[in-house]
Amino acid sequence: QLQASGGGLVQAGGSLRLSCAFSGGISSSYHMGWFRQAPGTERDFVAVINWRGGSTLYASSVKGRFTISRDAAKNTVSLQMNSLKPEDTAVYYCAAALTFRGTSTNYDYWGQGTLVTVSS
């Protein structure tokens, strides 16, 4: 199971930190990703971190502003979002995959999503 939290309303230029707790059949051996979906659009890749936490990949639209990290002891993965823009408004989903999927949406497990709204 994946449980995402931390979404909310923030002004442009502000920051939010999303967190995703994983449990059950999802162990620390899983690669963890964040995706987002704005109304009327497809679900897009945001960031991924490998199971060791030593390798990350970001969408070009968030690189330099967002940081993905994981805490193996707490079984959580976080997404620190800085310098937020109105175009970052979306439902953010965390996902887990036993095989590294990179930017693909073909992950094994998905959380329920948390809404991030950035006002201009």
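This is a predicted model: local features need pLDDT of at least 70, side-chain atom pairs count only at pLDDT 80 or more; totals for chains, interfaces and linings use all residues.
User: How many salt bridges does the structure hold?

Analyst: Two of the pairs involve D88, whose side chain meets that of R36 and also that of R65. Another pair is R101 with D108, where the closest N and O atoms lie 3.9 Å apart, and this falls inside the 4 Å limit for a salt bridge. The number of salt bridges in the structure is 3.

User: Which residues are linked in a network of salt bridges?

Analyst: The side chains of D88 and R36 meet with an N to O distance of 2.9 Å, while for D88 and R65 the N to O distance is 2.7 Å. D88 takes part in the bridge to R36 and in the bridge to R65. The residues linked in the network are R36, R65 and D88.

User: How many residues apart are D88 and R36?

Analyst: The side chains of these two residues form a salt bridge, and the pair links distant parts of the chain. D88 sits in the loop between strand 8 (76-81) and strand 9 (90-97), whereas R36 belongs to strand 4 (residues 31-37). Their separation is 52 residues.

User: What is the separation in sequence of the parts that D88 and R65 tie together?

Analyst: The side chains of D88 and R65 meet in a salt bridge. Because D88 lies in the loop between strand 8 and strand 9, and R65 in the loop between strand 6 (56-58) and strand 7 (66-71), the pair ties together parts of the chain whose separation in sequence is 23 residues.

User: Is R101 buried, partly exposed or exposed?

Analyst: R101 forms a salt bridge with D108, and D108, at 38% relative accessibility, counts as partly exposed. Because its own relative accessibility is 30%, R101 counts as partly exposed.

User: Which are the edge strands of the open sheet of 4 strands?

Analyst: The strands of this sheet follow the order 1-3-8-7, with antiparallel pairing.

Definitions and conventions
Residues are numbered from 1 along each chain as its sequence is written. Side-chain values use heavy atoms; hydrogens and water are left out. Helices (H or I, at least four residues) and strands (E, at least two) are DSSP runs, numbered from the N terminus. Buried means under 20% relative accessible area, exposed over 50%, partly exposed in between (1.4 Å probe, protein chains only). Two strands pair if DSSP finds at least two bridges between them.
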